[in-house]
Amino acid sequence: MSLIPENLDELRGKAREFALREFTEEKIRKYEEEEKYPEEIRRKAFEAGFLDMSNPWGMLVAMEEFCRVDPGLGISALSAAFGSEVIMLFGSDYLKKKYLEPVLKGEKISGFAVTEPSAGSDVAGIRSRLERRGKGYVLNGEKIFITNGTVANHFYVLARSSPPPSPEKRHHGMTMVVVESSWPGFEAEQMKGKLGMRATSTAHLKFRDVEVPEENVIGEEGKGFYYVMTFFDISRIHVATQALGIAQGALDMFTEYIINNGLNNRETYQFALADMATRVHAARLLTYDAADRLFKFAPDPVKTSMAKYFAGETAVYVTDLALKYTGMQGVTSKLEKFYRDAKIEEIWEGTNEVEKLVISRMLLKKR
Amino acid sequence: MFSEDQLLMRSTAREFAQRELAQRAEKIEKEGIDNELRSKLASAGFLGAMLPSKYGGSDLDRTSFMLVLQEISKYSPTTALFVLLQHSLVGRTLIRDLSLAESYVQDIVSGKTSWTLPLFQRNLKLDGGRIRGEIPYLPLPRADFLVSYADPKTLVVIKGGVTEVRAHHSLGFRGLGLSHVSVDSVAEKLSQVEVDPTPKVLDEASLEVAAIALGMAQASLERAMDYSKSRRAFNSLLAEFQPLAFQLLEYDAQIKALERFIYSIKDNESLEAGEAKLLSIDLAKRMSRISLQVHGGYGYFEYTGVEKFYRDSAALEAMVSDQVGEKVKLSVLLLGVEPKI
Ligand SMILES: Cc1cc2nc3c(=O)[nH]c(=O)nc-3n(C[C@H](O)[C@H](O)[C@H](O)COP(=O)(O)OP(=O)(O)OC[C@H]3O[C@@H](n4cnc5c(N)ncnc54)[C@H](O)[C@@H]3O)c2cc1C
């Protein structure tokens with residue numbers, strides 16, 4: 001049984017064609033070296049219909065195919081609506097119209113801001129404060145490592161709105177709000193010098209007495225933590241897909257290396273290839289299985305975290321093995337970039353360790 | 001394990017690295033090794049470490065030199081590899097024909113001029129007094145002098161006439177640079193003797209390379225340990241989480257065992273030296289991956305100073321060995337049979 005709807009071949013082909021045409025060697029290196037967000041490519045990808053949230057399988061396959069050619073450009077092009085799921089699921093009609101619509105029309109870019117200098121994995125440990133003032137709120141705090149940080153028009157921001165009721169209930173009293181980057185008191189500073197993914201924008205955000213109107217609260221006050229976790233159950237599938245694309249791309253390059261160098265009959269290379277291909281296939285099955293459940297409105301966080309964890313690890317494993325056997329050619333080719341890009345997949349949207357915690361806690365809870 | 005002299009050398013190198021490299025490491029990656037640092041490395045006696053003192057060398061034994069490389073590598077693998085390259089130039093290449101090269105040797109050892117040599121194959125031809133051709137992988141492409149074999153028997157010094165065809169996007173050792181260059185220059189012949197034609201300078205330096213990789217693994221472990229004792233998540237120190245602590249414990253044991261193994265080997269050409277090299281590079285790769293992971297999002301940024309070990313260890317693997325060729329050679333030593341299939 002194939003987990004993926006058959007009618008995706010055409011979309012996959014289209015996505016691959018787009019990536020091969022637009023992500024030229026020259027552009028890949030330019031955006032990487034300048035550490036610049038590829039606005040031009042985002043626009044083209046949007047116009048070509050790849051950022052279509054009404055077609056989730058289509059987006060998934062596009063992410064895979066884009067990352068297979070270049071992860072940095074691919075992710076930037078397809079993550080312009082980052083975090084929008086929280087509005088779709090929990091936002092008011094007002095928020096949907098004001099913030100979701102322009103993003104879905106490709107006119108605006110969004111970001112999702114949870115991590116802080118002193119708390120990442122431990123989401124409940126964040127310190128940003130959202131305080132009532134008059135009819136609205138005032139936001140103070142900092143966010144770090146925020147994707148789309150220098151280019152987004154607005155952010156979905158998690159902050160503490162009331163103290164935790166008890167040490168066990170640290171995740172209570174957190175609220176998500178929409179904050180526009182043009183508002184007074186907002187500041188974004190690009191964080192340069194990443195190991196990889198340099199074509200993605202990453203920023204340190206600061207909020208100093210930023211006034212947030214009441215209607216910009218997403219869903220209910222105090223339920224922000226829950227919204228973030230729900231979002232992760234969706235976004236981790238996309239992250240697994242990024243990792244899958246990276247692994248597949250490295251496998252492509254390794255296969256080409258074997259053929260170009262006439263190494264088809266050497267067992268060392270045969271075994272390495274078999275090893276990589278097996279893991280890539282397993283990662284794909286895990287990812288598509290988790291996606292299939294989500295797209296049928298029955299997400300399974302255990303399966304999602306398994307996919308994200310395994311695919312991330314596979315991206316690192318495959319790029320590493322490919323480098324090992326391609327020597328100087330490898331470390332001076334596009335493969336070296338894949339190796340650097342891949343490592344983020346074990347960190348963002350929940351580290352490998354956090355995914356393992358999710359998997360085991362859920363499994364134990366079920367019993 | 002070490003004599004007093006060796007321990008003294010280690011602490012000298014450690015102090016040097018802390019003083020001169022700790023703050024500068026990131027800059028070295030961006031701007032390379034400048035004249036000032038080169039002079040300091042020379043004054044510390046590192047550039048001619050194992051050379052006899054009559055040539056300006058420090059007369060160190062190999063163990064001491066390895067300790068120097070290991071300590072430098074903890075802060076700047078680029079600088080450690082630079083020192084090894086300069087040393088390979090004098091120790092393994094020029095010194096072989098000192099009558100011609102003595103003044104050059106002194107220039108290198110004293111840090112007066114900068115030198116380089118091709119890492120792998122080169123395609124150079126002598127034509128009368130000129131030398132022409134290409135070098136696909138040249139570190140330090142802007143060095144004052146280039147030393148290369150024109151053919152297996154002829155060593156030449158080339159000054160000028162080296163044009164960069166392409167600067168490689170290299171995964172690691174960014175401070176050294178790595179370029180594909182073309183050469184068209186006047187060549188000064190240094191030797192016309194039977195020398196080992198091996199094109200890979202680092203091949204003969206398994207133990208030195210192992211020491212560099214060991215330094216990377218140790219630094220990665222030390223940083224992860226420090227961070228795990230200061231960073232908190234879920235109201236606990238990272239070091240309080242068993243999987244994280246146990247992993248660091250396991251790697252501490254592996255690193256200690258490897259260190260003893262490396263320093264117990266006497267012969268750089270032995271099976272053990274080759275094994276130690278492969279093992280230490282592998283360990284450096286795995287340990288740096290863990291260290292980066294322990295640092296979470298911070299680990300992914302250059303300013304944290306751990307991602308370079310992740311890049312450099314993988315680059316080192318490519319630079320010093322062709323995985324398969326090296327393993328075939330070592331397997332023959334181990335098994336007496338050549339694994340060809
Ligand atoms: C390029 C980039 C882009 C990013 N984009 C975004 C973004 O758009 N929005 C956003 O909100 N965040 C973003 N992040 C942040 C990212 O999600 C966090 O870095 C990640 O969640 C880890 O948090 P941390 O960095 O604080 O590490 P920490 O939480 O401090 O973790 C450090 C290490 O400890 C481990 N650890 C933690 N708890 C445990 C435990 N209980 N048991 C065992 N091990 C544990 C972790 O797995 C990790 O290895 C981004 C990060 C990067 C690098």
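This briefing walks through the domains, the chain-to-chain interface and the ligand site of the structure above.

The model is predicted, so local features are kept only at pLDDT of at least 70 and side-chain atom pairs only at pLDDT 80 or more, while totals for chains, interfaces and linings use all residues. Residues are numbered from 1 along each chain as its sequence is written, chains are lettered from A and ligands numbered from 1 in the order in which they are written, and side-chain values use heavy atoms, with hydrogens and water left out. In brief, chains A and B bury about 3,700 Å² between them, and the ligand lies between these chains.

**The ligand site**

- The ligand is surrounded by 29 residues, counting a residue when one of its heavy atoms lies within 4 Å of the ligand.
- The closest residues are A:Thr115, A:Ser121, A:Phe145, A:Thr351 and B:Gln293.
- The side chain of A:Thr115 has an N or O atom 2.7 Å from a nitrogen atom of the ligand.
- On the oxygen side, an oxygen atom of the ligand is 2.6 Å from an N or O atom in the side chain of A:Thr351, and a polar side-chain atom of A:Glu353 lies 2.7 Å from an oxygen atom of the ligand.

**Where chains A and B meet**

- Chain A brings 47 residues to the contact and chain B brings 39, with contact meaning heavy atoms within 4.5 Å.
- Carbon and sulfur atoms give 59% of the buried area of about 3,700 Å²; buried area is the accessible area (1.4 Å probe) that two parts lose on being put together, summed over both.
- B:His169, B:Gln293 and B:Tyr300 supply 22% of the area that chain B buries against chain A, more than any other three residues.
- Four salt bridges link the chains, each a side-chain nitrogen of Lys or Arg within 4 Å of a carboxyl oxygen of Asp or Glu.
- A:Arg198 and B:Glu302 meet through their side chains in a salt bridge, at 2.6 Å from N to O.
- Several elements of chain B supply at least two residues each to its side, including α9 (271–294) and α11 (307–320).
- The largest share of that side, eight residues, comes from α11(B); helices are DSSP runs (H or I, at least four residues), numbered from the N terminus.

**Domains of chain A**

- Chain A is assigned domain 1 (6–78), domain 2 (85–222) and domain 3 (226–366), with bounds from an automatic or database domain assignment.
- The C-alpha centres of domain 2 of chain A and domain 3 of chain A are 28 Å apart.
- These two domains bury about 1,400 Å² between them, 79% of it on carbon and sulfur atoms.
- Zero salt bridges are counted between domain 2 of chain A and domain 3 of chain A.

**Domains of chain B**

- Chain B is divided into domain 1 (4–109), domain 2 (115–194) and domain 3 (205–334).
- Domain 1 of chain B and domain 2 of chain B have C-alpha centres 21 Å apart and bury about 1,700 Å².
- The count of salt bridges between domain 1 of chain B and domain 2 of chain B is zero.

Technical notes:
Polar contact = N/O pair within 3.5 Å; in protein donor to acceptor, adjacent residues only side chain to side chain.
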